[in-house]
Amino acid sequence: APSQGVAGVATITYLSGLLAPAVTGWVAHLTSLPVTFAVLSVIVLTTVATAGALRPRTPLGTPAEEGA
């Protein structure tokens with residue numbers, strides 16, 4: 001259901017907003033700030049590169065369903 005999807009995205013966004021600064025600081029403490037920014041860059045680029053994998057596949061010539 002769409003409402004469950006919205007709730008799931010909101011939960012993940014909220015948790016990442018709480019955890020990301022703490023994990024970033026922890027990694028920076030263990031290594032260094034340049035290493036931390038390099039790790040964050042790799043994570044962001046990987047996320048951008050693989051984002052299309054979550055899109056539902058439709059056969060060629062078939063229009064995607066509305067509202068899906």
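Residues are classed here by relative accessible area: buried means under 20%, exposed means over 50%, and partly exposed lies in between (1.4 Å probe, protein chains only). The structure is a predicted model, in which local features need pLDDT of at least 70, side-chain atom pairs count only at pLDDT 80 or more, and totals for chains, interfaces and linings use all residues. Residues are numbered from 1 along each chain as its sequence is written, and side-chain values use heavy atoms, with hydrogens and water left out.

The chain holds two helices and zero strands. Helices (H or I, at least four residues) and strands (E, at least two) are DSSP runs, numbered from the N terminus. Helix 1 covers residues 2-30. Helix 2 covers residues 33-50.

The unreviewed UniProt entry lists residues 6-28 and 35-54 under "transmembrane region". UniProt positions follow the numbering used here, feature names are shortened, and annotations may be inferred rather than shown by experiment. In the model, residues 6-28 are 100% helix and 0% strand. The end C-alpha atoms of that span lie 33 Å apart. Residues 35-54 are 80% helix and 0% strand. Their end C-alpha atoms are 29 Å apart.

Of the 68 residues in the chain, 1% are buried. Accessible areas come from the Shrake-Rupley method with a 1.4 Å probe; for residues, only the protein chains shown count as cover.

A nonpolar surface patch of about 780 Å² is formed by Y14, L15, L18, L19, V23, W26 and L30. Patches are made of residues with over 30% relative accessible area and no salt bridge; like charges are joined within 9 Å, and nonpolar side chains (Val, Leu, Ile, Met, Phe, Trp, Tyr) within 5 Å. A salt bridge is a side-chain nitrogen of Lys or Arg within 4 Å of a carboxyl oxygen of Asp or Glu. Y14 belongs to helix 1. Y14 counts as exposed because its relative accessible area is 57%.

T36 sits in helix 2. T36 is buried because its relative accessibility is 2%. Contact means heavy atoms within 4.5 Å. With neighbours within four places in sequence set aside, T36 is in contact with T24, V27, A28 and T31.

T24 lies in helix 1. T24 is partly exposed, at 25% relative accessibility. Not counting residues up to four places away in sequence, T24 touches T36 and L40. T24 and T36 are 12 residues apart along the chain, with their C-alpha atoms separated by 6.8 Å. L40 is found in helix 2. L40 is partly exposed, with a relative accessible area of 32%. L40 and T24 are 16 residues apart in sequence and 8.2 Å apart from C-alpha to C-alpha.
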